[in-house]
Amino acid sequence: MVEPGGPHADGPRLMKNKEYRHLIRPLHGELVQLQEWVKSTGSRVCIVFEGRDTAGKGGVIKAMTERVSPRVFRVVALTAPTDREKSQMYIQRYLPHLPAAGEVVIFDRSWYNRAGVERVMGFCTEEEAQHFLQITPMVEHAIAKSGVILLKYWLEVSDSQQTARLRSRIDDPRKIWKLSDLDLDSYSRWYDYSRARDDMFHLTDTGWAPWFVVNNDDKKRGRLNVISHLLQQVPYERMERPDVTLPKRQKRHGYTEPTQPLHWIPTPY
């Protein structure tokens, strides 16, 4: 488990972008193969991403989905619950988003909010958190028994990396939207989150839905490692590619370009 200092203090160098793009290309090709297998077989895959603030969940998900169809790889990132949703059974708002046949659903944070941020920040009672931790393995067992391939990833970063990433959000106008008051409050509660994480692992790491932990101090290596691991967990088979030949284009048959002036955008680049 990565704690203050982290294993990357004297670890491998950060991966360069050129090396990363070279290594991720074949993995993207395999994700397309997985996609075609899921579509062909009607399989259902559910991937849960959790982790510390700034752990890089969004970057991993973007790397996974940038070359596949959003109609197959569907990302679910729920907002704060409405008053109506607060009155429901806790898991209820998540169940409609589980995959149907031919879908890969990716949860950018999930029902495990209750075990993490809700518990640490006091958005639920300790009794509610403990009840969640007790019943979640049974719920996930039912999901897995229904035929869903359920994968749970926890992205971990060292405290020094979290500090650097939060500072970069403060200083970079492109990232300031990622910084919330909750992030700042959570930052001061490093060990409260560590204890909550440890309890979550202890009670919800099961044979049918284990937690896979990812060291993401180096975001590029982390993305490659997650995708590589994911491809090993899903028993997909490479689908035969049909021979494709572009057809001939039709002849002009008197077509002329329109004389109507069009509103072309400026081309400063």
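**Figure 1. Crossing of helices α2 and α9.** The axes of α2 and α9 come within 9 Å of each other and cross at roughly 55 degrees, where axes are lines fitted to C-alpha atoms, for helices over the stretch in contact, and angles run from 0 to 180 degrees between N-to-C directions. This angle makes α2 oblique to α9; angles under 35 degrees count as roughly parallel, over 145 as roughly antiparallel, 65 to 115 as roughly perpendicular and the rest as oblique. The crossing of α2 past α9 is right-handed (near helix turned clockwise from the far one by less than a right angle; left-handed if anticlockwise). Gly 59, Val 60, Ala 63 and Met 64 of α2 make the contact with Arg 223, Val 226, Ile 227 and Leu 230 of α9, contact meaning heavy atoms within 4.5 Å. The model is predicted: local features need pLDDT of at least 70 and side-chain atom pairs count only at pLDDT 80 or more, whereas totals for chains, interfaces and linings use all residues. Residues are numbered from 1 along each chain as its sequence is written, and side-chain values use heavy atoms, with hydrogens and water left out.

Figure 2. Helix α2 spans residues 57-65; helices (H or I, at least four residues) and strands (E, at least two) are DSSP runs numbered from the N terminus. Its buried residues are Lys 57, Gly 59, Val 60, Ile 61, Ala 63 and Met 64 (buried: under 20% relative accessible area; exposed: over 50%; partly exposed: in between; 1.4 Å probe, protein chains only). The elements covering them include the helices α1 (17-41) and α9 (219-233) and the strands β1 (44-51), β2 (73-76), β3 (103-108) and β4 (149-156).

**Figure 3. Packing of helices α1 and α9.** The axes of α1 and α9 lie 10 Å apart, at an angle of about 25 degrees. The two helices are therefore roughly parallel. α1 passes α9 in a left-handed crossing. From α1, Asn 17, Tyr 20, Leu 23, Ile 24, Leu 27, Glu 30, Leu 31 and Leu 34 meet Lys 220, Arg 223, Leu 224, Ile 227, Ser 228, Leu 230 and Leu 231 of α9. Glu 19 also belongs to α1 and is partly exposed, with a relative accessible area of 29%. Glu 19 and Lys 220 are 201 residues apart in sequence, yet their C-alpha atoms are 9.4 Å apart in space.

Figure 4. Ser 186 belongs to helix α7 (residues 181-187) and is buried, with a relative accessible area of 4%. Leaving aside neighbours within four places in sequence, Ser 186 contacts Asp 53, Met 121 and Tyr 193. The side chains of Ser 186 and Tyr 193 are joined by a polar contact of 3.0 Å (a pair of N or O atoms within 3.5 Å; within protein, one must be able to donate a hydrogen and the other to accept it, and residues adjacent in sequence count only if both atoms are side-chain atoms).
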